[in-house]
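Please consult the sequence and the model shown here.

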Amino acid sequence: MTLHQETTHPPTTGTDTDTGTGTGTDASSAASLRELARAELERARRRTAALTDCLDEAGLTAQHSPLMSPLVWDLAHVANQEDFWLVRQAGGRPGVRPDIDHLYDAFRHPRADRPALPLLTPGQARDYGARVRDLALEVLENSDPDDPGAGPLLRDAFVFGMIAQHEQQHDETMLATHQLRTGEPVLHAPAPPPAPAGAAALPREVLVPGGPFTMGTDTDPWALDNERPAHTVELPAFWLDTVPVTNAAYQEFIAAGGYRDPRWWHPRGWAHKEHAGLEAPQFWLRDSSGWLRRRFGRTEPLPPEEPVLHVCWYEADAYARWAGRRLPTEAEWEKAARHDPATGRSRRHPWGDTPPGPDHANLGQRHLQPAPAGSFPAGAAPSGARQLLGDVWEWTSSDFLPYPGFAAFPYREYSEVFFGSEYKVLRGGAFGVAPVACRSTFRNWDYPIRRQIFAGFRTARDASGTDA
Ligand SMILES: [Fe+2]
């Protein structure tokens, strides 16, 4: 089964030109927002089905890794969140199965403990999801996203967009579970196109000029709490890699003894590397012919021009030091991705405000791998950097912290409880991220030891006075 996911049309938005631009959208009408929300909910459910219908009951109930839930937990969890937020909170209805909320509360049960819970069977989980969906769509049909008195959950159909993003994020988590499971391949998709002409001749790095830019958003109707509010950040000029670090470049780090030299490693990273026995990115294997990698059940020669994937933050940080560079901060990444020096505006996407198309970025699980470095010239940022959105999540040097003026919405457990130095921010989204959950303001976060996520990185360096 091909897991092609169609390109989506995210909400029409204003753009953030400066701080305090206020909220609101130029989204045309209640009917179009409802239609968009319905389309995104249905798109997410088709993807969930594609990721779960390809496995039998045993494959859905097994725990393929202690890091992940059994897929059947995700299947019912997305339905339970929809039951809670759309049927009960938005719709004011009794809900379908409030009695099982505790089983699917991610905070109550760590992933490793979930297989032992009295979970719904795959069939029960699918029925539950379908019953909830019918009611959620009734709530949507009866809502008025344009009503200024509708309240923040319903205004701009926010809560429907939030739940569509939530299901797509779990679909990405389920994709990571597929990558960890052993056995015959069950996912199929065409390879991305080869790198375009001239990709190999791109400059190694691009200069992002110094000065202020608008970080975060007030105007994107489905942006989540941690992306808000828009605020001005002043940055000195810096250089950023034009494309993400490739497998070929990363192999040089390995060949140069990078994993054996503590000079390049954060002290906690070195200790973790030693303890975990890390010698190469996860899913890499070596035989007499060289490096191979396993991807969704297939083992193949390592594609040299593909962005490196499945490295933890400590590995990314060590590579950058070895290369005489550093990881970009989160603010640098966002400025490189959004800021248009010609107008001073921050765009929604690197290429502008138009929705992502297949020429802009590798998103939505159209492919099951990153595209070669230098792909998608039409998706380049004003700085000239390519592939900032899609392909691989990019580790940044930044801890996950609130923006000035942050307000938790609609619940503290979405972001606030994760703020602090334990988590590092990732930006940009990978090939398995849905367009509805991808924009230049979107913030992802994870522990610096995590490798099963679809993460790579690019490097940066300060610009000297003469550069800028
Ligand atoms: Fe969740």
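Contact between the domains involves 19 residues of domain 1 and 14 residues of domain 2, two residues being in contact if their C-beta atoms, placed from the backbone, lie within 7 Å. The model is predicted: local features need pLDDT of at least 70, side-chain atom pairs count only at pLDDT 80 or more, and totals for chains, interfaces and linings use all residues. Residues are numbered from 1 along each chain as its sequence is written.

**Domain contact**
- On the side of domain 1 that touches domain 2, helix 1 (30-52) and helix 5 (158-180) are the elements giving two or more residues; helices (H or I, at least four residues) and strands (E, at least two) are DSSP runs numbered from the N terminus.
- Helix 5 supplies the largest share of that side, 12 residues.
- By class, that side of domain 1 holds 10 nonpolar, five polar and four charged residues; Ala, Val, Leu, Ile, Met, Phe, Trp, Tyr, Cys and Pro count as nonpolar, Asp, Glu, Lys and Arg as charged, and the others, Gly among them, as polar.

**Domain layout**
- Domain 1 covers 30-180 and domain 2 covers 199-247 + 318-462, with bounds from an automatic or database domain assignment.
- The centres of the two domains, taken over C-alpha atoms, are 26 Å apart.

- Four strands make an open, mixed sheet in the order 10-9-8-11, where pairing requires at least two DSSP bridges between two strands.
- Strand 10 (444-446) and strand 11 (455-456) are at the edges with a single partner strand each, so one side of each has no neighbour in the sheet.
- Strand 8 (residues 393-400) pairs with strand 9 (residues 420-427) in the antiparallel sense over four bridges.
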